[in-house]
Amino acid sequence: MIEQKRHCFQKLEGITGTIFGKLPFSPNFYTLSALFLAGASFFFLAKLEFAYSALSFTIAGVLDFVDGAVARKTNKVSKKGAYLDTICDRYAEAIMLSGFFDLWFWIKIFLWYYHLNMNPFYNYL
């Protein structure tokens, strides 16, 4: 479905690719920067700093758009770059979802349960 609407964004993609393509960064740099910002968004979410979390996640989303635009505009499209982009997108989504589901809380619960029920020395204390 998105592929059918791609023509709507081609002009914006061209402008974005031209602007960011002049900078001395590769498309993979933008991809990895987006992943880093997703991690920062998780950090801010864990600290309950929702405005900073939303801002860093929004910038990560923009950089995800920029990396493809720069790759196409500078003729640096490659299978490795597309693969890296796809993998980093999934990691960014997983990082954000774990922030929403408070992954650290569940890890603490698991460790507490393990300590009470699985520790062989606990019964002797």
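These legends describe close-up views of a predicted model. Local features need pLDDT of at least 70, side-chain atom pairs count only at pLDDT 80 or more, and totals for chains, interfaces and linings use all residues. Residues are numbered from 1 along each chain as its sequence is written, and side-chain values use heavy atoms, with hydrogens and water left out.

**View 1. The largest pocket and its lining.** The volume of this pocket is about 710 Å³. A pocket is found on a 1 Å grid over the protein atoms alone, as an open set of points where a 1.4 Å probe fits, with protein on both sides within 12 Å along at least five of seven lines. Lining residues have an atom within 4 Å of a point. The volume is the space filled by probe spheres set on the points, which are joined across faces, edges and corners. The largest pocket has 25 lining residues, and Asp64, Asp67, Gly68, Arg72 and Asp85 lie nearest its centre. Helices H1 (6–21), H2 (27–46), H3 (50–73) and H4 (79–100) each give two or more residues to this lining. Helices here are DSSP runs (H or I, at least four residues), numbered from the N terminus. H3 provides the largest share, 6 residues.

**View 2. The second largest pocket.** About 170 Å³ of space lies here. Its lining includes Thr31, Phe57, Asp64 and Glu93. H2, H3 and H4 each give two or more residues to that lining.

**View 3. Helix H4.** H4 has 22 residues and reaches 32 Å from its first C-alpha to its last. That is close to the 32 Å expected, a span set at 1.5 Å times one less than the number of residues.

View 4. Asparagine 28 lies in helix H2. Its relative accessible area is 34%, so it counts as partly exposed (between 20% and 50%, with a 1.4 Å probe and protein chains only). The C-alpha atoms of asparagine 28 and leucine 84 are separated by 7.6 Å, though the two are 56 residues apart along the chain.

**View 5. The largest nonpolar core.** Tyr30, Ala34, Leu37, Ala60, Leu63, Val66 and Val70 form this core. Such a core joins buried Ala, Val, Leu, Ile, Met, Phe, Trp, Tyr and Cys residues through side-chain atoms within 4.5 Å. H3 gives the most, with 4 residues. Leaving aside neighbours within four places in sequence, alanine 60 is in contact with Ala34, Leu37 and Ala38.

Notes
Contact = heavy atoms within 4.5 Å.
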